[in-house]
Amino acid sequence: MKLIKVKDYEELSKQAADYFIKKIQSSPAMIIGLATGSTPEGMYRYLVQDYQENRISFRNITTFNLDEYIGLDGSNENSYRFFMNNHLFDHIDIEKSNVHIPCGTSKDSSAECATYEQLIKAHGGIDLQLLGIGGNGHIGFNEPGSSFQSRTSIVELTDKTRRDNARFFNTFEEVPTEAITMGIATIMESKEIVLLASGEGKREAMRLLLEGRVSEDFPASYLHNHSNVTVIADEAALAGLNYSL
Ligand code: GLP
């Protein structure tokens, strides 16, 4: 695991965007895994800016998002599809048919999970996966206790995650209780992974991640078993931590 330390959120966003831009320039038809949450918003802003100013093209890029809330359709502004359109896809030249996000309103969510997993396989897997990290160490929506073997599936959200994400909803009760998420095994099959962490709210998660112990209680720790992971974290997320990366 490689760690890139940056000053603050702006620098994190810029560095992450630059990292993806370089990869896209050298492989314009790559398969990218994308994440939601507040953390990648700045990176998406820089990607849009680069598209507008330098014409980096996403025309041949295919994307797979990590997860989606069950019960929210793409027109709901708290759905991850809405988030992605709003922050990225509506502002770049990506073909919408190349964009994949699990459907949260499928009549058969289990079948939706299996189809999503097959679709990733049919594309030859993900080349570069972006991750954020939950305060409890979740990646995608793989909550503590998730199996290392898990594939795209329906998961129940913990109260901690629902509370953390309640800031986007009118009330806590409105936060869905379930989601579809790529599994840990799905994520681990990505050829390369970049994880972003910003702010003191992520310090405890960074402490546990950088400590290096692999445990089901802290899903992000599985990333230590992957050979190509880069963590980009800012000073606030790393303050006071001892680590040897
Ligand atoms: C959500 C998403 C995760 C994301 C996490 C952290 O729960 N499912 O993929 O990493 O939130 O979000 P934030 O970046 O807002 O802290």
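A polar side-chain atom of Thr39 sits 2.4 Å from an oxygen atom of the ligand. The structure described here is a predicted model.

| Residue | Polar atom of the residue | Distance to a ligand oxygen atom |
|---|---|---|
| Thr39 | side chain | 2.4 Å |
| Arg167 | side chain | 2.8 Å |
| Ile133 | backbone | 3.3 Å |

On its own, the ligand has 390 Å² of accessible area, and the protein covers 94% of that area. The ligand takes up the space of the largest pocket.

Around the ligand there are 14 residues, of which Ser38, Thr39, Asp67, Arg167 and Lys202 come nearest. By class, this shell is made up of eight polar, three charged and three nonpolar residues.

About 60 Å³ of space lies in the largest cavity. Its lining consists of Phe20, Ile24, Ile32, Leu34, Leu47, Phe58, Ile61, Thr63, Leu88, Phe89, Ile92 and Ile94. Two or more of the lining residues come from helix H1 (9-26), and strand S2 (31-34) likewise gives two or more.

What classes of residue make up the lining of the largest cavity? Eleven of the lining residues are nonpolar and one is polar, while no charged residue takes part. The shell around the ligand, by comparison, includes three charged residues.

Methods: Residues are numbered from 1 along each chain as its sequence is written. This is a predicted model: local features need pLDDT of at least 70, side-chain atom pairs count only at pLDDT 80 or more; totals for chains, interfaces and linings use all residues. Side-chain values use heavy atoms; hydrogens and water are left out. A residue is near a molecule or strand if one of its heavy atoms lies within 4 Å of it. A polar contact is a pair of N or O atoms within 3.5 Å; within protein, one must be able to donate a hydrogen and the other to accept it, and residues adjacent in sequence count only if both atoms are side-chain atoms. Accessible areas come from the Shrake-Rupley method with a 1.4 Å probe; for residues, only the protein chains shown count as cover. On a 1 Å grid over the protein atoms alone, a cavity is a set of points where a 1.4 Å probe fits but cannot get out, and a pocket is an open set with protein on both sides within 12 Å along at least five of seven lines; lining residues have an atom within 4 Å of a point. A molecule sits in a cavity or pocket if more than half of its atoms lie within 2 Å of its grid points. Ala, Val, Leu, Ile, Met, Phe, Trp, Tyr, Cys and Pro count as nonpolar, Asp, Glu, Lys and Arg as charged, and the others, Gly among them, as polar. Grid points are joined across faces, edges and corners, and a volume is the space filled by probe spheres set on the points. Helices (H or I, at least four residues) and strands (E, at least two) are DSSP runs, numbered from the N terminus.
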